[in-house]
Amino acid sequence: MSRDSSLFKNTLAQSASVLAGYVFSFVLAPIMIARLGLDQFGVWAVTGALATYAGLLDLGIGRSLSRFVAVFDAGGRDRAIRECVGLGLMSVTTVGALAAAAAAASAPILSEQIGVLSTAQMRLVALSSVAIWTLNGYSSVLSAVAIGKRRMVPPNVAGTIGISVNFAFSVAALAASTHLAVYAAANAAASLVAIVPSFFAMRYLWKAPYFGMPSRALAKEVLVFGVKNQVGWLADLVNFQTDKVVIALIVDVRAAAVYEIASRVVMGVRGAAILTLSAMIPTTAAQLVREGREVIGDVYRRYTLRSCSIAFPLFMFASVSAPFLLVAWLGKAPGDSALIVPLLTLAYVAHFTTGGGSTISIGAGRPGMVSANSLLIAVLNVALTVALAPWLGLWGVVLGTFLALLLGSIRFTQRFLKLFDLPWRDFFAGVLPPGALASLLAVPPALLALAVGTPAGRAGAVVLLAVAALAYIPAYWLVASRRRYLPERLRIRLPSRGQSVESTV
């Protein structure tokens with residue numbers, strides 16, 4: 001199997017569970033708002049963001065495991081893989097215990113500052129959020145074995161099962177109650193159930209003993225790498241989670257809910273786009289062990305074009321069709337969400353162009369460069385949002401995030417190309433052709449959105465969204481296939497005389 005085909009298969013496998021998660025999240029959002037109200041929806045967004053910060057306490061161990069499993073698998077070091085699993089389970093357990101204590105103690109403060117829930121209700125919601133993070137952390141550690149071994153079908157089948165269980169529990173809780181505490185507890189219970197398929201997926205690929213006590217040398221190696229890699233995740237938290245907390249404290253929790261709604265659209269698109277890069281870290285790490293650094297230039301040139309050719313039309317379509325998409329999804333576009341979506345989307349377009357370089361750097365064992373740039377983005381984001389929010393409110397947060405991501409992305413690309421001795425033309429050759437095509441073909445849907453504005457009802461929005469999609473997606477797919485921007489297995493084979501058009505997806 002070719003490298004492109006292997007990477008495509010693994011990326012497609014990872015896509016299933018991630019896309020299922022986004023689909024279920026989109027389906028649940030309008031039900032949550034209808035049953036819980038915008039205020040409780042905002043509280044759930046803020047407490048979830050705070051619980052996610054608990055992940056910083058594991059010092060990056062969990063996020064680094066798949067990379068180390070890939071390296072140890074390529075070197076035939078099975079014992080080291082078992083030690084990685086043991087180290088991951090220990091770190092998740094420790095962080096979960098500390099976060100639970102902090103959540104219980106901080107519930108009165110959160111209740112007073114945010115409002116909406118009583119102290120007892122806030123404590124239950126906060127503890128449920130911590131439980132969800134902890135239990136999902138166990139599942140991620142178990143999945144790291146298969147991901148590192150580049151066998152991504154079983155763990156993602158397990159992930160899809162877990163996500164489906166969560167969706168079923170969530171719908172049942174919303175049908176039974178309009179209280180956020182009930183919904184939070186149901187989600188925690190679903191995360192507990194989801195560990196079972198994750199364990200059997202690991203067992204399918206990995207012989208007992210499944211984990212071992214980590215040696216001091218291995219723990220130190222993973223920890224040093226993880227701390228560097230953790231800074232990048234810190235920046236992600238600042239960019240994706242802190243904004244909601246800042247809005248809730250400076251503006252109000254309803255504004256945080258509006259921002260959460262807009263960011264779910266953008267994060268859904270970003271998540272789908274990142275799937276084009278999701279298998280690159282373990283694949284690149286193993287390839288570097290076998291072939292050395294000489295492959296970096298070829299990998300960067302190939303996959304920058306391939307990933308951007310898939311991601312850019314997703315970002316662009318979400319940006320120009322935001323009014324239709326939000327109304328079709330929720331029945332109406334709350335607050336300024338229809339304007340927030342395009343701005344955040346364009347910010348993440350710029351940030352996505354660093355994805356190939358970031359994953360190659362991590363796979364090559366150079367997470368420090370990624371972390372340093374992520375720290376720069378985080379500092380810029382905090383400084384700009386805190387400075388602008390008191391003056392511009394919600395829009396200050398949006399503008400600060402936009403500027404931080406744009407400036408940080410430019411700086412990272414400059415440093416990456418210099419470090420690996422690659423010319424700027426490699427970057428532009430991968431980014432500009434699909435970017436120009438995606439932008440040009442988005443003009444008709446954009447003009448349609450400007451002419452119509454925000455639709456009054458869901459039925460009309462669905463029709464307009466379908467019209468925009470039919471005008472955009474086939475045209476992009478055909479042209480990108482003809483110009484060979486897309487991966488070979490996603491291209492439409494243009495027919496010769498007497499043949500029909502056939503997709504090779």
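I take a salt bridge to be a side-chain nitrogen of Lys or Arg within 4 Å of a carboxyl oxygen of Asp or Glu.

**Ground rules.** I am reading a predicted model, in which local features need pLDDT of at least 70 and side-chain atom pairs count only at pLDDT 80 or more, while totals for chains, interfaces and linings use all residues. Residues are numbered from 1 along each chain as its sequence is written, and side-chain values use heavy atoms, with hydrogens and water left out.

**Salt bridges.** I searched the whole structure and noted 2 salt bridges. In one of them, the side chains of R79 and E83 come to 3.3 Å, N to O. Because they sit 4 residues apart in helix α3 (residues 78-114), about one helical turn separates R79 and E83; helices here are DSSP runs (H or I, at least four residues), numbered from the N terminus. I then looked up burial, where buried means under 20% relative accessible area, exposed over 50%, and partly exposed in between (1.4 Å probe, protein chains only). R79 is exposed at 64%, whereas E83 is buried at 7%.

R301 and D426 also form a salt bridge, with their closest N and O atoms 3.4 Å apart. R301 belongs to helix α10 and D426 to helix α16 (residues 424-441), so this pair ties together parts that are 125 residues apart in sequence. I noted R301 as partly exposed, at 40%, and D426 as buried, at 9%.

Leaving aside neighbours within four places in sequence, I found F416 in contact (heavy atoms within 4.5 Å) with residues including Y300, G357 and M369.

**Cysteines.** I looked for disulfides, meaning pairs of cysteine sulfur atoms within 2.5 Å, and the whole structure gave 0. C84 is buried at 1% relative accessibility, and C308 is buried at 2%.

**Surface patch.** V23, V27, I31 and V171 make a nonpolar surface patch of about 270 Å². Such a patch joins nonpolar side chains (Val, Leu, Ile, Met, Phe, Trp, Tyr) within 5 Å, from residues with over 30% relative accessible area and no salt bridge, and accessible areas come from the Shrake-Rupley method with a 1.4 Å probe. Helix α1 (residues 3-53) supplies the largest share, 3 residues. V27, found in helix α1, counts as partly exposed at 38%.

Notes:
Patches are made of residues with over 30% relative accessible area and no salt bridge: like charges are joined within 9 Å, nonpolar side chains (Val, Leu, Ile, Met, Phe, Trp, Tyr) within 5 Å. Helices (H or I, at least four residues) and strands (E, at least two) are DSSP runs, numbered from the N terminus.
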